[in-house]
Amino acid sequence: MDVLGRVRKRRAGRTCAWPGTALHRSDLTDRAFLCLVAAVLGCIGACSDSRPEFQTLVVGRAADALTLDPALVSDSESVEVCEQVFEHLLRFRKGGLEVEPALAESWQASPSGKEWIFRLRRNVRFHDDTPFDADAVVFSFRRQHVVDEERGGASSYHDSTFRNLRRVEKIDDYTVRIVIERPSASFLPDLALFTASIVSPQAVARLGGDFGHHPVGTGPFRFVEWSPGERITLEANRTYWGAAPHIDHLVFSHIPDPRQRLVALEGGAIDVAEGLEPEDLQFVALHPELRTEKILGNNVTYLAMNTEHPPFNDLRVRRAINHAVNRQPIVKLIYQGLAQPASGPLAPTFSGAAGQAAYAYDPALARRLLAEAKYDTHLRPKLYVLATPRPFLPEPERLGRLLASHLRAVGIEVELVFKPISEFPRAIANGDHDLALGGWIGDSGEPSDFLYVLFDSDNAQRGTATNAAFFRDPRLHGLLLQADETSDTELRTGLYAETLHLIHDQAPWTPLVHAEMVVAERSRVRELDVSPAATLYFREVRIDEP
């Protein structure tokens with residue numbers, strides 16, 4: 001039975017319940033579904049003034065998850081669900097990107113910085129009631145590197161993040177040694193990422209390729225059911241090693257249309273709405289029963305040029321495109337002021353971001369550079385656009401058309417190719433595009449999460465590329481490795497500044513904006529944790545009674 005069908009409130013011996021079996025959205029129109037859910041929840045509220053037997057929080061999102069196997073996820077919808085179900089050795093503190101203990105209670109590094117000992121938390125069990133121990137940690141890390149036909153391949157995101165990892169070894173049941181090839185300032189933050197999630201070995205063995213639809217971790221919420229294209233339901237893990245969640249059920253509802261998400265939020269059918277259009281947030285701000293949570297996002301929206309495809313292997317053409325794009329109307333029209341113009345790839349959350357230099361908007365100079373490069377105006381480069389709204393890209397089709405108009409004004413006609421989130425990453429990884437409108441959310445507080453992942457030659461291999469420009473520069477590679485290896489803060493800052501200058505000079509991208517993270521919620525929702533990485537955490541969420 002659907003979890004919404006089990007919500008009950010009691011008063012004076014009476015029970016008001018949603019009778020019958022599960023309600024499936026496919027049986028109703030979207031509007032009818034939302035109205036019925038709102039009516040039922042209203043009936044429930046009218047029946048009682050005490051705490052419900054089952055307290056459910058519903059989150060409305062633009063897209064469904066693609067998989068719930070943390071070894072394979074790369075989209076933020078999948079990550080967000082996985083982060084409630086799975087845990088890592090470390091985690092980020094609430095509202096920030098500083099690491100703190102999670103499944104590892106403590107850790108210690110060798111003098112060389114290449115060997116790390118982690119003391120694991122005892123008396124922790126997976127949701128299938130099997131024990132968490134050193135064997136599970138070793139299994140989870142080794143599993144990431146295995147190309148398993150049943151799973152469909154290893155995770156390129158994990159491979160790029162942990163390329164430095166050499167061995168994960170069990171010392172005893174609750175002690176693990178991790179050996180890395182070179183010292184790395186990003187190593188500890190990387191252990192707090194979704195790609196370092198610890199999974200139940202027995203569940204993986206039992207479920208095989210179906211693990212991504214029946215995930216088993218140690219987190220504060222357990223998986224209940226997934227109706228693809230409709231909703232994912234989790235329930236509180238009442239045997240959680242930490243403080244158990246205050247809510248009983250957590251539902252992620254797929255509502256593609258942003259206006260329908262707003263209607264559902266206003267009517268009470270959902271409690272939290274992600275990815276509302278910027279102009280609708282003004283309505284939320286004026287509504288007495290709604291509010292927004294805002295945080296400066298650790299993200300960037302960009303226009304990447306595939307440097308392997310002529311004419312974008314010509315520096316003059318790349319610089320021309322940088323001069324052709326006007327960021328001010330993008331901020332005002334597309335983001336309604338809820339973004340900052342991007343001078344470079346690093347988000348403003350980084351101390352070194354202020355030193356980034358932007359190309360000035362100068363269409364006349366853009367036309368001169370194209371003329372010098374003898375740009376063929378009969379070309380129709382393909383501009384791939386991530387068509388599914390993202391936290392950093394609320395109106396992708398509108399922005400794609402605006403960018404096309406900027407390029408047309410200097411003599412570049414593009415063919416727009418819109419790809420949903422289920423197809424866009426693979427197309428970009430394969431290098432199908434000439435130009436790509438996409439974005440990136442930094443999952444950790446390290447500059448390398450932007451600069452190494454998005455610009456290094458290690459990540460420009462067709463099929464697994466996260467470097468959408470397919471930009472390769474040996475000097476850049478050396479600077480990034482040196483910056484990550486040093487513990488000298490001043491030296492690191494200087495090396496990253498040199499890296500940013502090189503990227504600016506070679507212009508493989510046009511950085512566009514850094515978007516604010518905005519989530520709308522019912523006023524009765526309390527203690528929602530909005531991460532700078534655009535992930536919501538619900539382990540401390542409370543729902544005030546009406």
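Author: The axes of α9 and helix α11 (residues 363-372) come within 8 Å and cross at roughly 165 degrees. Axes here are lines fitted to C-alpha atoms, for helices over the stretch in contact, with angles from 0 to 180 degrees between N-to-C directions. Helices (H or I, at least four residues) and strands (E, at least two) are DSSP runs numbered from the N terminus. This is a predicted model, in which local features need pLDDT of at least 70, side-chain atom pairs count only at pLDDT 80 or more, and totals for chains, interfaces and linings use all residues. Residues are numbered from 1 along each chain as its sequence is written, and side-chain values use heavy atoms, with hydrogens and water left out.

Reader: Why are α9 and α11 called roughly antiparallel?

Author: Angles under 35 degrees count as roughly parallel, over 145 as roughly antiparallel, 65 to 115 as roughly perpendicular and the rest as oblique. The crossing angle is roughly 165 degrees, and α9 and α11 are therefore roughly antiparallel to each other.

Reader: Which residues of α9 and α11 meet?

Author: R316, V317, R319, A320, H323 and A324 in α9 are in contact (heavy atoms within 4.5 Å) with P363, L365, A366, L369, L370 and E372 in α11. By class, this contact has 8 nonpolar, 1 polar and 3 charged residues, where Ala, Val, Leu, Ile, Met, Phe, Trp, Tyr, Cys and Pro count as nonpolar, Asp, Glu, Lys and Arg as charged, and the others, Gly among them, as polar.

Reader: Why is V325 called buried?

Author: Buried means under 20% relative accessible area, exposed over 50% and partly exposed in between (1.4 Å probe, protein chains only). V325 has a relative accessible area of 0%, and therefore V325 is buried. This residue lies in the loop between α9 (315-324) and α10 (327-334). Leaving aside neighbours within four places in sequence, V325 has contacts that include I330, Y361 and T510. The C-alpha atoms of V325 and T510 are 7.9 Å apart, although 185 residues separate them along the chain.

Reader: What makes a set of residues a nonpolar core?

Author: Such a core is a set of buried Ala, Val, Leu, Ile, Met, Phe, Trp, Tyr and Cys residues joined through side-chain atoms within 4.5 Å. The largest has 76 residues, and I321, I330, Y335, L399 and L435 have the most contacts inside it. Helix α14 (residues 448-455) gives the largest share of this core, 6 residues. A second, separate core of 62 residues includes F126, I180, F221 and I543.
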